[in-house]
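Q: I have a structure open and want to learn to read its features. Can we go through it step by step?

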Amino acid sequence: MGSAVRVARETTEQVLAEWGVGPQEPCAGPALLILSELVANSVRHAAVLSPQVTVFFAGGPDAFAFGVHDRHPYRPALYTSAVTGSGRGLATVVELTLELGGSAVVRGDADEGGKSIWITLPLQRTGGAPGR
């Protein structure tokens with residue numbers, strides 16, 4: 001699990017840097033924590049049915065988004081986790097995302113055999129970045 005989380009974090013740091021999002025950006029540190037938690041959850045809970053975890057990135061001048069995908073069909077209730085305190089990691093993910101003014105959504109695969117958890121965080125920098 002540790003190597004998957006490390007690789008995902010290092011890749012995300014590289015993507016952020018390539019897109020001109022520096023460590024001073026308010027969402028940069030929390031984005032890495034959120035991503036780490038989502039990848040760790042996927043490895044911990046979905047590995048039996050989904051030995052691979054995929055991370056997707058999207059961005060523009062005002063937002064940075066990433067999705068963590070696995071092929072396990074279970075879709076966690078993100079906002080319920082935050083309210084009830086169950087699934088402490090997911091509660092942290094949702095709390096951080098909302099504190100930053102972002103959004104979190106679970107999207108199922110078309111065949112219902114997997115899902116992606118997408119996080120979108122606003123960027124507060126000035127000047128545009130290339131959309132990806």
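Q: Is F56 buried, partly exposed or exposed?
A: This model is predicted. Buried means under 20% relative accessible area, and exposed means over 50%. F56 has a relative accessible area of 38%, so F56 is partly exposed.

Q: And which label does W118 get?
A: W118 has a relative accessible area of 19%, so W118 is buried.

Q: How do I read a pair of aromatic rings?
A: Take the distance of the centres and the angle of the planes. A search of the whole structure finds four aromatic pairs. In one of them, the rings of F56 and W118 have centres 6.3 Å apart and planes at 25 degrees, so this pair is stacked. F56 sits in strand β1 and W118 in strand β4, 62 residues apart, so the pair links distant parts of the chain.

Q: How are the rings of F57 and F64 arranged?
A: They are stacked, because their planes lie at 25 degrees, with centres 6.2 Å apart. F57 is partly exposed at 21% relative accessibility. F64 is buried, with a relative accessible area of 1%. F57 and F64 also belong to one aromatic cluster with W19 and F66.

Q: What should I look for in a core?
A: In soluble globular proteins, nonpolar side chains tend to be buried together. Here, the largest nonpolar core has 27 residues. I34, L38, F64, F66, I119 and L121 touch the most other members. Elements that each supply at least two residues include α1, β2 and β4. Helix α2 gives the most, with six residues.

Q: What does F66 touch, leaving out residues up to four places away in sequence?
A: Its contacts include A31, I34, L35 and L38. Among the others are F56, F57 and W118.

Q: How do I find the buried side of a helix?
A: In α1 the buried residues are V5, A8, T12, V15 and L16. They lie on the same side of α1, because they cover an arc of only 95 degrees around the axis. These buried residues pack against α2, β1 and β2. The face turned away from the buried side carries the exposed residues G2, A17 and E18.

Q: How far does α1 reach?
A: Its 17 residues reach 24 Å from first C-alpha to last, close to the 24 Å expected. Just after α1, G20 takes a positive phi of about 80 degrees.

Q: Where is S36, and is S36 buried or exposed?
A: S36 lies in helix α2. At 10% relative accessibility, S36 counts as buried. Not counting residues up to four places away in sequence, S36 touches V5 and R9.

Definitions and conventions: Residues numbered from 1 in each chain as written. Predicted model: local features only at pLDDT ≥ 70, side-chain atom pairs only at ≥ 80, totals over all residues. Heavy atoms only, no water. Core = buried A, V, L, I, M, F, W, Y, C linked by side-chain atoms within 4.5 Å. Buried < 20%, exposed > 50% of the residue type's maximum accessible area, 1.4 Å probe, protein only. Helix = DSSP H or I, 4+ residues; strand = E, 2+ residues; numbered from the N terminus. Contact = heavy atoms within 4.5 Å. Expected span 1.5 Å × (residues − 1). Arc of directions from axis to C-beta. Phe/Tyr/Trp six-rings, centres within 6.5 Å; stacked < 30°, edge-to-face > 60°.
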